[in-house]
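Here's a quick briefing to read with the model open beside you. Take a look at the structure first, then work through the points below.

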Amino acid sequence: MSTLEGSLSILKNPAILSYIFKGVAFTLIISVVAVGIGVLLGSVLALVRNYCTTKKTRIFKWLATAYIEIFRNTPLLLWIFICLVFFPFPEFLSKKMFGLTSVEVKLLFKGATALILFTSSIIAEIVRGGLNSVAQGQFEAGHSQGFNTVQIMIYIILPQAYRNIVPTLLSQVITTIKDSSYLANIAVIELMSRVKTLLSAANKYNGTGSVNVSDVFVLLGAAAIIYFIINFTLSSIVRYMQKHPRIPKAAERAA
Amino acid sequence: MDGLFSITAWEKVWTYRSTFLLGLYNTSRMALFALILSLVLGIIFGLMATSGKKYLEVISRVYVEVIQNTPLILQLCFLYYALAFSGKSLGIVVTGIISLGIYHGAYMAEVVRAGIGAIPKGQFEAAESQGFNYVEKMYFIILPQSIKIILPPMVNQIVNLIKNTSCLYIIGGADLISLTYSFVTGATTGGAYAPAYLVSGLLFFIVCFPLSTLASIWENSLKKRELKTAEAVKTISEGVVTK
């Protein structure tokens, strides 16, 4: 099994290891940023879609609905390609940073934008689910206490809605970590693309002079294990939270 | 770069309309076969997860967790390159069907598991007490009841499956997105970015939007019906208590 030993020796190379772990860092940062901004955009979209129902504001509801439905029903890769061509890139960012070349920074910016736009449409639906789970009586109670609609939203509805959707948002982080591998199609920045690049150059490192099947198993297997550890940890947390909700359900409270 | 309103760009797209139709055909063909594979896997592993036998449950759990916690692109590359470097390449389309089927099979298994898990235990026991064997119990009693819980999320999975055919781009795929991309970057056809992306997005939307709308309407009506039954049960039991 000399080819397998050769493949395993790739993973012992410190330069390659740091290359891979930079990819992991990028994957995590991109995903967390995408979900973070996605929560902001998604909340706005969800609020507009749910509550802009008067005659004057109905146009905004339609726009938000159109945005959500369009992004939910087309593939992420299409949006990555679209942003690559059409999304404006601020020139002052066009320089070397985070150990990437200026071209890569540009691709990262555009790819991440596509991911954010796509993710926010999904999060909008999650937030909407949270908003709908808040009982109607809460609005009436707020109004009766003299709150206006904005105050009711900020102080009464949104806190309850967010608390209900924390597990779902965490599973969205998992989905986004997996979705960030789509960026491998356009640039070598995150984990998936880095492993794929290593695979195509494996003949330089494994000592046999050619790329073997064992390289596929070792390199892609290592990436799979890394993804699995991250996502399985997150999904275990989600399961724990769903089993042990911090707020008991209304029925349990009443009992 | 031709804009959205350039007539020449639209003419180019119209001239090469067969590219988009071929892409749509490939995407739907792959989605169909992958769907069949994922349904088979989903039903098998979903039934295993609810069988009550520990080792079957563990096998099903491992399959679901491993597949759901790694990206589809990684699985696809793994399968494709492992086959390619061992000299047994199956071709892009077949590889795509297999890995899409396995990936969505895990999600289908979870859907089936949740659907069967939602059926009250008494139904299983009632079926057993009537002398039904496993197949009869599932076929006549359990699955007809769980199918209405299973179907809406399953339709959502079909939408995801159709969208995920775009993964094949990374191995040089033949799906709609890959063909669109090679159209806009091709030497003789290139340039018509806006119309080409619009057309291919529209094709996806036309296929996916009715499905996802159907799924959400279905789900809402199910929730409403459940709420009504819960209220009815509540009033009945309250009535019993007050009497």
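In chain B, helices α6(B) and α7(B) make a right-handed crossing (right-handed if the near helix is turned clockwise from the far one by less than a right angle, left-handed if anticlockwise). Helices here are DSSP runs of H or I with at least four residues and strands are E runs of at least two, numbered from the N terminus. This is a predicted model, where local features need pLDDT of at least 70 and side-chain atom pairs count only at pLDDT 80 or more, while totals for chains, interfaces and linings use all residues. Residues are numbered from 1 along each chain as its sequence is written, and chains are lettered from A and ligands numbered from 1 in the order in which they are written.

**Helix pairs in chain B**

- Two packed helices are described by the angle between their axes and the distance between the axes.
- For α6(B) (residues 121-129) and α7(B), the axes come within 10 Å and cross at roughly 160° (axes are lines fitted to C-alpha atoms, for helices over the stretch in contact, with angles from 0 to 180 degrees between N-to-C directions).
- That makes α6(B) roughly antiparallel to α7(B) (under 35 degrees is roughly parallel, over 145 roughly antiparallel, 65 to 115 roughly perpendicular, and the rest oblique).
- On the α6(B) side you'll find Q123(B), F124(B), A127(B) and E128(B), which meet K137(B), I141(B), I142(B) and Q145(B) of α7(B) (in contact means C-beta atoms, placed from the backbone, within 7 Å).
- By class, the α6(B) and α7(B) contact has 4 nonpolar, 2 polar and 2 charged residues (Ala, Val, Leu, Ile, Met, Phe, Trp, Tyr, Cys and Pro count as nonpolar, Asp, Glu, Lys and Arg as charged, and the others, Gly among them, as polar).
- Helix α7(B) (residues 134-164) also pairs with α2(B) (residues 17-49): their axes come within 9 Å and cross at roughly 135°.
- That makes α2(B) oblique to α7(B).
- The crossing of α2(B) and α7(B) is right-handed.
- Here T27(B), A31(B), A34(B), L35(B) and S38(B) of α2(B) meet I158(B), L161(B) and I162(B) of α7(B).
- Sorted by class, the α2(B) and α7(B) contact comes to 6 nonpolar, 2 polar and no charged residues.

**Chain B as a whole**

- Chain B has 9 helices and 0 strands.
- Its radius of gyration is 23 Å, whereas a compact globule of 243 residues would be near 18 Å (taken over C-alpha atoms, with the globule rule being 2.2 Å times the number of residues to the power 0.38).
- Along the principal axes, the C-alpha atoms of chain B fill a box of roughly 80 × 45 × 25 Å.
- Of the 243 residues in chain B, 40% are buried (buried means 20 or more other C-beta atoms within 10 Å of a residue's own, exposed 12 or fewer, partly exposed in between, with C-beta atoms placed from the backbone).
- Among contacts in chain B with a separation of 6 or more, 76% join residues 24 or more positions apart.

**Where the two chains touch**

- 32 residues of chain A are in contact with 30 residues of chain B.
- On the chain A side, the elements giving two or more residues are α3 (58-72), α4 (76-86), α8 (191-200) and α9 (213-243).
- The largest share of that side, 11 residues, comes from α9(A).
- By class, the side of chain A that touches chain B has 21 nonpolar, 7 polar and 4 charged residues.

**Helices in chain A**

- The axes of α8(A) and α9(A) come within 10 Å and cross at roughly 170°.
- α8(A) and α9(A) are therefore roughly antiparallel to each other.
- The α8(A) residues in this contact are L191(A), M192(A), V195(A), L198(A) and L199(A), and those from α9(A) include D215(A), V216(A) and L219(A).
- The contact of α8(A) with α9(A) divides into 10 nonpolar, no polar and 1 charged.
- In α4(A), 8 of the 11 residues are buried, so this helix is largely enclosed by the rest of the structure.
- The buried residues of α4(A) include W79(A), F81(A) and C83(A).
- Helix α6(A) (residues 137-144) has 0 of its 8 residues buried, so α6(A) lies largely in the open.
- Just after α6(A), G146(A) takes a positive phi of about 85°.

**Two loop residues in chain A**

- E190(A) lies in the loop between α7 (149-179) and α8 of chain A.
- With 27 other C-beta atoms within 10 Å, E190(A) is buried.
- Leaving aside neighbours within four places in sequence, the contacts of E190(A) include G23(A), F26(A), T27(A) and I30(A).
- T57(A) sits in the loop between α2 (14-51) and α3 of chain A.
- T57(A) counts as exposed, with 11 C-beta neighbours inside 10 Å.

Key
Two residues are in contact if their C-beta atoms, placed from the backbone, lie within 7 Å.
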